[in-house]
Each structure stands twice: as structure tokens, then as C-alpha cells.
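Take a moment to look at the structure before reading on.

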Amino acid sequence: MCGIVGYVGRRPARELLLAGLAKLEYRGYDSAGISLIAGERIEAVRAVGNLSALHAKLGAVGGGVVALAEQPATTGIGHTRWATHGRVSEENAHPHYDTEDRVHVVVNGIVENYVTLKQRLADAGSDFTSETDAEVIAHLIASHHDGDLPDAVRAAFAELEGHFAFVAMSVQEPDTLVGARRECPLVVGRGEGEQFIASAVPAFLAETRAVQHLENGEIVVLRPAGTTITTAAGEPVERGVERVDWDEDTAEKGGYETFMLKEIHEQADTVAETIADRVARGAGVDLDEPGALDEALLAEVKRIVVVACGTSYHAGLIGRYAIEEWARLPVEMEIASEYRYRKPVVSEGDLVIGISQSGETADTLAAMRKAREQGARVLAITNVMGSQITREADGVLFTRAGLEIGVAATKTFVCQVAAIYLLGVRLAELRGTLPAERIAELVAELKRLPHCIEETIATVGERVAEVAEQHWRDEFFLYLGRHVGLPVALEGALKLKEISYVATDAYAAGEMKHGPIALLDDRTPVVCVATDSPVLEKMVSNMQEVRARGAHVIAVTTAANAEIESQVEVAIPIPSVDWMLQPILAVIPLQLLAYEVAKRRGLNVDQPRNLAKTVTVE
Ligand code: AGP
């Protein structure tokens with residue numbers, strides 16, 4: 001998730017772009033760059049590192065467009081990067097440009113068919129200088145460009161597949177910017193004789209509060225005098241200008257009251273980006289990407305051991321159910337801080353998977369090192385390119401959640417689960433443990449997840465608020481789940497602990513009668529993950545056991561389930577997807593419940609007491 005910004009007007013663009021990027025740095029900060037046009041000259045300056053590195057680079061540039069004091073550039077684009085395709089390097093930083101250096105672009109998102117397009121353009125003479133998918137857009141637009149940038153962008157847009165938004169400019173039309181979006185956000189800031197465009201409103205809020213939203217699949221042409229929005233086919237679209245009254249703090253949170261709530265609402269986009277090009281080619285899963293584990297190795301795996309902490313451990317637990325079910329491989333789950341001090345037996349054919357969103361968690365790193373020293377192959381699943389974990393593994397599978405600021409992990413969790421589902425399906429393909437139709441079915445269901453996540457977030461709010469209103473004063477919550485619902489219950493319980501400081505316990509529902517049921521009385525809220533699964537009936541009878549002790553039963557169900565609805569205090573239905581994929585949806589009402597309880601308790605959900613986002617000590 002990168003940040004893009006553009007300006008066209010009468011004022012010097014350079015400082016406006018840098019100020020905009022500073023407001024977007026929460027989206028990514030491993031490299032940054034700007035391009036400016038002055039007269040017939042266009043120039044890009046890029047630097048690895050956060051914005052201060054770019055400032056230093058710009059300061060060091062003696063001549064050229066960027067330093068043109070006498071005729072400052074009044075058109076430009078800028079970018080701050082969160083690497084997904086290609087290492088963190090200056091060549092891979094944006095803006096990207098075509099071989100003749102005529103068209104410059106900044107891109108956020110994933111181009112799924114970039115390999116095919118790149119090959120075609122390279123055969124036609126384009127000279128690629130980066131490892132990114134994004135650069136293909138500059139060459140593609142240039143290949144269609146005959147002096148009319150909007151037309152060239154429209155032609156290129158029609159050929160591109162994926163989740164992305166971009167802004168392009170050409171030295172032949174110095175007063176024009178063209179932006180286009182497919183799924184990824186892009187907004188326009190309207191000014192008098194000047195126009196802004198960016199991934200998010202905060203980038204230009206200090207300059208204008210007049211905002212025009214671009215709908216999915218639309219293209220916008222910006223010139224100093226105004227903007228023209230069209231469909232991808234070129235039909236004009238009337239779009240009103242709204243006034244945004246956010247204060248700076250809210251702006252930074254994208255209009256949400258907290259980073260956690262913003263990040264919960266980003267889960268559909270980030271899961272879409274995490275699976276995007278990995279399910280784009282044909283009916284299977286393709287994990288063959290830079291830094292990935294060699295597929296020949298994956299095919300030889302005999303046993304998997306997952307090491308992780310906290311929420312990442314819960315993501316691994318869900319992975320265990322999926323990989324055992326689909327790839328028929330034994331999977332062992334290990335709490336990293338325990339594993340590192342045990343004498344684990346590592347055998348030939350073992351693959352140790354370290355899951356860590358930050359990639360810096362000391363216990364997980366040490367557990368991976370221990371396994372590697374004993375000859376295991378190690379795969380890292382992480383969200384941060386260049387993090388320590390990427391240097392401790394034989395291969396990396398990146399989630400693409402973008403920067404997560406809220407201490408309580410939400411979007412990184414669902415992206416970890418999506419990544420481990422991808423791995424599970426790929427292992428099943430490589431081992432031939434699932435028929436092709438079942439693989440195709442699972443891939444089709446994975447592609448439905450972003451939409452189902454959006455639907456879940458849009459529909460569960462009321463029931464969740466009802467439960468929170470009823471129970472926010474309670475000092476103990478019990479969470480129950482069975483089979484792949486158990487890790488969801490564990491994650492829900494952890495979220496409530498973390499941000500509302502309420503005591504919780506999470507149990508395999510079948511274990512209740514072996515002790516924990518003694519905890520229950522007519523005040524206890526019991527949150528049950530009762531989504532469709534091979535053991536749903538067992539789960540329903542466990543819920544009856546709980547109800548019989550007078551407890552308040554709240555159940556997350558798959559779609560409206562009348563049988564369960566009639567037996568519980570509150571049922572929270574979520575959309576129906578393949579039963580093994582339900583956890584990605586079922587966790588969302590539990591994230592929101594923890595959030596609503598913490599809010600009613602007046603707590604700081606983004607920085608809960610005693611916790612750090614990244615635990616680099618043991
Ligand atoms: C989750 O909300 C917590 N922030 C914490 O449990 C976290 O999952 C754990 O510290 C692991 O972090 P990692 O994924 O960065 O390794």
C-alpha cells in the first residue's frame with residue numbers, strides 16, 4: 001500500500017508534493033520520489049529510505065528541473081513506497097518512466113498481468129530498469145501515446161489487470177495529469193486554478209477541503225482550470241465536489257476516529273492485494289515471485305512446524321487446519337518463546353514457517369534461527385520488506401497489508417491467513433492431494449474474499465454494538481470455537497484482552513465439560529464461533545450446555561442460521577464462503593466487539609497499556 005500524490009497549477013509543485021507525501025508516509029516509507037515538469041523538461045528524483053532521504057537528495061541536486069528557481073515546475077507527481085514487487089532500491093522506487101523518458105507514472109497497488117505486458121513491450125523495444133510491476137504502466141502508456149495523454153491512459157487502462165491506482169504525466173502536455181483507479185483509492189482536491197490528486201485526502205487537506213471522489217474504474221484528467229472525470233470507455237461522468245471538515249488527526253486516520261478502525265476497514269483491500277496476482281494466472285495458485293521459497297523444496301516438504309507469537313500464532317493455527325486438510329501434511333504449532341528454549345527434533349524434510357507481521361519479533365527470529373541451525377528449511381511469512389526475518393529465511397511469502405499502526409493486529413492477521421491459505425492450496429497442487437476441480441473451487445472462493453469482507457464489515461456493526469452495549473461492563477468473557485473456529489475464538493479473546501483490559505478465556509468448546517464450564521453463571525457472556533464446518537452440530541450442542549448454565553450466548557454464524565438464532569442471545573451472521581475460509585470473516589465481528597467494548601470503557605485502542613507494536617526483546 002503506497003502513497004501517491006499529484007499537483008498541477010500555478011504554484012511551485014515541489015514543496016506541495018513533499019508536504020503531501022509527508023501526510024501519506026503512514027502508507028509506506030521504504031523509498032520515495034517525485035517527478036516535475038518545467039517547460040519542455042521532465043525529471044525524476046528518487047531515494048531509498050523515508051522522506052528525509054528524498055529531501056537530502058533534492059537538496060543535493062545542483063541543477064535540473066527540480067532546482068529550477070527561476071522557473072519552478074508547477075506540475076508534478078510524487079510517491080512513497082511500500083514494497084510488494086521488487087527489492088527496496090532506487091531503481092524500484094517511483095516515479096517510473098518509459099524508455100524515452102516522456103511519460104512518468106506513480107502507482108499504488110498490483111498489476112496482475114505485468115509479466116505478459118512486460119514481455120510484449122520489451123519485445124517491442126522497451127527498456128525496463130526496475131523489478132517492479134508498476135513500471136510496465138509507464139511503458140504501456142508511452143506505447144499508446146501520440147500526443148494525447150488521456151487517450152493513451154485510456155488505452156493502457158483497458159489492457160491492465162489488477163488492483164491499482166496511478167497518476168501519469170507527459171512532458172508533451174506539461175499542464176496535464178491523468179489519474180485512473182481500479183479498486184485502490186484515488187481522490188481529487190479541487191482548487192482555484194490548481195488541482196490535486198492523491199491516494200488519500202490528508203495529502204492535500206492543508207491546501208483544499210473541496211474533494212471529488214473517483215469511483216472504481218474511472219479516469220480523471222486534471223488541468224489547472226479544472227478536472228474531467230470519465231468512465232474507462234471515455235463517457236463523461238458528472239461528479240459533485242464535497243467539503244471535508246476533518247481535523248488533522250482524523251485526516252491522518254483517513255476519516256476514522258482511530259488507526260485500528262481504519263485498519264479494520266482496510267481488510268478487504270489488503271486481502272485483495274495479498275492474493276491478487278497470486279491467483280491471477282489460471283485455476284491455481286502461483287507463489288513463484290522474487291524471494292520466494294524454491295517450489296521444488298515446497299514439493300519435498302514432509303512436515304511443517306509453525307513458530308510465531310500472539311496474533312501471528314493464531315494465523316498459523318488456522319493454517320494448520322487448512323494445510324492438513326488440503327495438502328495432507330502434518331503441521332505442528334509452536335509458541336516461539338517456548339520453542340527457542342526447547343530441544344526440538346528437526347528432521348529431513350522439515351519446513352519451519354516463521355510468521356511475523358513486523359518481521360522483528362525476537363522470539364520468532366530466535367526460534368527460526370534454532371530450527372535453521374539444525375538443518376530445517378525456513379519460510380518467513382511477513383508484512384515488512386527488508387525486515388530482519390527476511391534475512392533469516394530461505395524464502396519469504398509477503399503479506400501486503402501496508403503499514404499497521406494500531407498495536408492490536410487486525411488487517412495483518414487476515415492477510416496472514418490469506419497468505420497461508422495460498423500456501424495450503426499451492427502445497428496441495430504440488431503434492432496432488434486435491435482434484436483440479438477442488439483447487440479451482442478454492443481459488444474462486446479466495447477471489448470472493450475481499451467482497452465478502454466488505455459485506456461483513458458493512459453488515460455486522462449493529463449486532464456487535466448491541467452486544468457491546470449489553471456487556472461492556474462485564475469483567476470476564478469466554479470465547480468458544482471448534483475445529484478451525486477455535487483459532488478465531490483465541491484471536492477474538494486476545495483482541496478483547498489487548499484493548500479493553502477485560503479478562504477473557506478461549507477454549508475448544510469440546511473441552512468445556514472438562515473444567516472451564518465451572519466458570520459460567522448467569523452474568524457470563526460467551527462468544528461462540530459457530531460458522532459452518534464439519535463439527536457445527538457439535539458446536540451447537542456445546543452452546544446448549546453453556547446456555548443451560550444461564551450464560552449469555554453470542555454466536556457468529558454463517559449467514560442467517562435460524563436454528564442457532566433461536567437458541568442464542570445475539571446471532572451475528574457473516575457471508576457464506578467455503579467453510580475452511582470462514583475464519584477470515586468470522587474474526588471481523590470479534591475485532592469490532594473488542595473495539596466497541598474498549599471505546600465504551602474510554603480506552604486508547606491504538607496504544608493500549610503495557611503493549612508495544614513490535615516486541616524486539618524477549
Ligand atoms: C497482536 O494484536 C499483538 N500486537 C501481538 O500479539 C502480536 O501479534 C505479536 O507480538 C507478534 O507480532 P509479529 O506478528 O510482529 O511477530
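Which residues line the second largest cavity? They are Leu287, Glu289, Ala292, Leu293, Glu295, Leu298, Leu379, Val396, Leu397 and Leu423. A cavity here is a set of points, on a 1 Å grid over the protein atoms alone, where a 1.4 Å probe fits but cannot get out, and lining residues have an atom within 4 Å of a point.

A word on the model: it is predicted, with local features needing pLDDT of at least 70 and side-chain atom pairs counting only at pLDDT 80 or more, while totals for chains, interfaces and linings use all residues. Residues are numbered from 1 along each chain as its sequence is written, and side-chain values use heavy atoms, leaving out hydrogens and water.

**The cavities**

Searching the whole structure turns up four cavities of 30 Å³ or more.

The largest cavity is lined by 17 residues, and closest to its centre are Cys2, Thr84, His94, Gly109 and Asp133. Strand β6 (residues 103-111) provides the largest share of this lining, four residues. By class, the lining of the largest cavity holds seven nonpolar, seven polar and three charged residues.

**The spaces side by side**

Pockets differ from cavities in being open: a pocket is an open set of points with protein on both sides within 12 Å along at least five of seven lines. Each volume is the space filled by probe spheres set on the points, which are joined across faces, edges and corners.

| Space | Volume |
|---|---|
| Largest cavity | about 110 Å³ |
| Second largest cavity | about 90 Å³ |
| Largest pocket | about 750 Å³ |
| Second largest pocket | about 490 Å³ |

**The largest pocket**

Of the 29 residues lining the largest pocket, Pro185, Ser199, Tyr256, Glu266 and Asp269 lie nearest its centre. Two or more residues come from each of α7 (259-265), α8 (267-275) and α15 (436-459), and α8 gives the most, with four. This lining divides into 13 nonpolar, seven polar and nine charged residues.

**The ligand and its pocket**

Where does the ligand sit? It sits in the second largest pocket, in the sense that more than half of its atoms lie within 2 Å of the pocket's grid points. The lining of this pocket numbers 26 residues, with Cys309, Gly310, Thr311, Lys613 and Val615 nearest the centre. Helix α10 gives the most to that lining, with three residues.

Around the ligand itself are 14 residues, the closest being Ser312, Ser356, Ser358, Thr361 and Ala409; a residue counts when one of its heavy atoms lies within 4 Å. This shell has five nonpolar, seven polar and two charged members. Again α10 gives the most, with three residues.

Some of these neighbours make polar contacts, meaning pairs of N or O atoms within 3.5 Å. A polar side-chain atom of Ser356 lies 2.6 Å from a ligand oxygen atom, and one of Glu498 lies 2.8 Å from an oxygen atom of the ligand. For Thr311, a backbone N or O atom lies 3.0 Å from a ligand oxygen. The protein covers 91% of the 410 Å² of accessible area that the ligand has on its own, as computed by the Shrake-Rupley method with a 1.4 Å probe.

Key: A polar contact is a pair of N or O atoms within 3.5 Å; within protein, one must be able to donate a hydrogen and the other to accept it, and residues adjacent in sequence count only if both atoms are side-chain atoms. Ala, Val, Leu, Ile, Met, Phe, Trp, Tyr, Cys and Pro count as nonpolar, Asp, Glu, Lys and Arg as charged, and the others, Gly among them, as polar.
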